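Here is a structure to look over with the numbers alongside. Have the viewer open while you read.

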Amino acid sequence: MTLTLAPETAPKQTAAPADAAFGASVGEGLSERQQEVLGAVLKLMVAEGDGFSVAAVARAASCSKETLYKWFGDRDGLLTATVRWQASKVRMPKLPQDKLTRESLEAALTGFAQSWLTVITGDLSIALNRAAVSHAGSGKSRLGAIVLTNGPFAMRHRLEPLFEAGRAEGLLSFDQVDTACRSFFGLVVADTQIRALLGEDHRPDETEIQTISATAAAHFMRLYGRG
């Protein structure tokens, strides 16, 4: 079975060519200059949350407001592009060309978890999520909804074909794919992200992330695996 998981369809972004194990989609469909602008947005969020104006982004990125509106539309469009660009840094698994096996499925889950944890525990993602949480439900900003839709929901949607392929091959057993995805996400993230959001100094290093990811994938296979 051959299955490639492509990134969520979004304006100005397309699926990237995959390497031997993963789809590497960082910045695909965006010019280098546009990526610099989105990087400036993230840096502003690290410094001052999401209470910035388009004019502030233009100053930080040495770019005109007219160009920003042309590229991204309004402020919400700029925020959406920023969230999608940050989410695109998570590499999605590309399954092997031959038949999917329990080992290759577990390896794909482990690799995704490593990439995902690396991104969401970084300073830029922490700042982005803190800003989203601070205004969630307040009506002051749509950032919370933008992050939820283009972050966790999009990741789940992009992983669903992997779970469905595992079930089709008789490797996984579940009634609802949504439940399986949520279980896997819970095993991977646990309380790591919330502790970082609340200011804990310790962040998992590369070795810890590898251990957490492998353990989460193994536990998931014990919970939902067959054979």
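## Ground rules and overall fold

This is a predicted model, so local features need pLDDT of at least 70 and side-chain atom pairs count only at pLDDT 80 or more, while totals for chains, interfaces and linings use all residues. Numbering starts from 1 along each chain as its sequence is written, and side-chain values use heavy atoms, with hydrogens and water left out.

The chain has 11 helices and 2 strands. Both kinds of element are DSSP runs numbered from the N terminus: helices are H or I with at least four residues, strands are E with at least two. Reading from the N terminus, the order is β-α-α-α-α-β-α-α-α-α-α-α-α.

Of the 227 residues in the chain, 46% are buried. Buried here means under 20% relative accessible area, exposed means over 50%, and partly exposed is in between (1.4 Å probe, protein chains only). A contact means heavy atoms within 4.5 Å. Among contacts with a separation of 6 or more, 74% are between residues 24 or more positions apart.

## Two cores

A nonpolar core is a set of buried Ala, Val, Leu, Ile, Met, Phe, Trp, Tyr and Cys residues joined through side-chain atoms within 4.5 Å. The largest one has 34 residues, and those with the most contacts inside it are Leu109, Phe112, Trp116, Phe163, Phe184 and Phe220. Helices α5 (102–120), α8, α9 (177–189) and α11 each supply at least two residues of this core. Which helix gives the most to this core? That would be α5, with 9 residues.

Leaving aside neighbours within four places in sequence, Phe220 is in contact with Leu109, Phe163, Leu172, Ala180, Phe184, Leu187 and Gly225. A second, separate core of 29 residues includes Leu38, Leu78, Ala81 and Trp85.

Start with α3. Its buried residues are Leu68, Trp71 and Phe72. They sit on the same side of α3 because they cover an arc of only 70° around the axis, the arc being that of the directions from the helix axis to the C-beta atoms. The cover over these residues includes α1, α2 and α4. On the face turned away from the buried side, α3 carries the exposed residues Glu66 and Lys70. After α3 comes Gly73, whose phi is positive, near 80°.

Now α7 (residues 143–150). Leu143, Gly144, Ile146, Val147 and Asn150 are its buried residues. Their arc around the axis is only 165°, which puts them on the same side of α7. What covers them includes α1 (32–48), α4 (75–87), α6 (123–135) and α8 (152–168).

Ala216 is in helix α11 (residues 206–224), Ala61 is in the loop between α2 (54–60) and α3 (65–72), and Thr82 lies in helix α4.

| Residue | Relative accessible area | Contacts |
|---|---|---|
| Ala216 | 3% | Leu187, Val188 |
| Ala61 | 9% | Arg33, Val37, Ala40 |
| Thr82 | 0% | Leu38, Val41, Leu42 |

Why does Thr82 count as buried? Its relative accessibility is 0%. For some C-alpha to C-alpha distances, Ala216 and Ser183 are 33 residues apart in sequence and 9.8 Å apart in space. Ala61 and Leu38 are 23 residues apart along the chain, with their C-alpha atoms separated by 8.6 Å.

## The largest pocket

A pocket is found on a 1 Å grid over the protein atoms alone, as an open set of points where a 1.4 Å probe fits, with protein on both sides within 12 Å along at least five of seven lines; lining residues have an atom within 4 Å of a point. Grid points are joined across faces, edges and corners, and the volume is the space filled by probe spheres set on the points.

About 420 Å³ of space lies in the largest pocket. It has 22 lining residues, and the closest to its centre are Asn129, Val147, Gly151, Pro152 and Gln193. Two or more lining residues come from each of α4, α5, α6, α7, α8 and α10 (192–197), with the largest share, 5 residues, from α6. Val147 is also one of the buried residues of α7.
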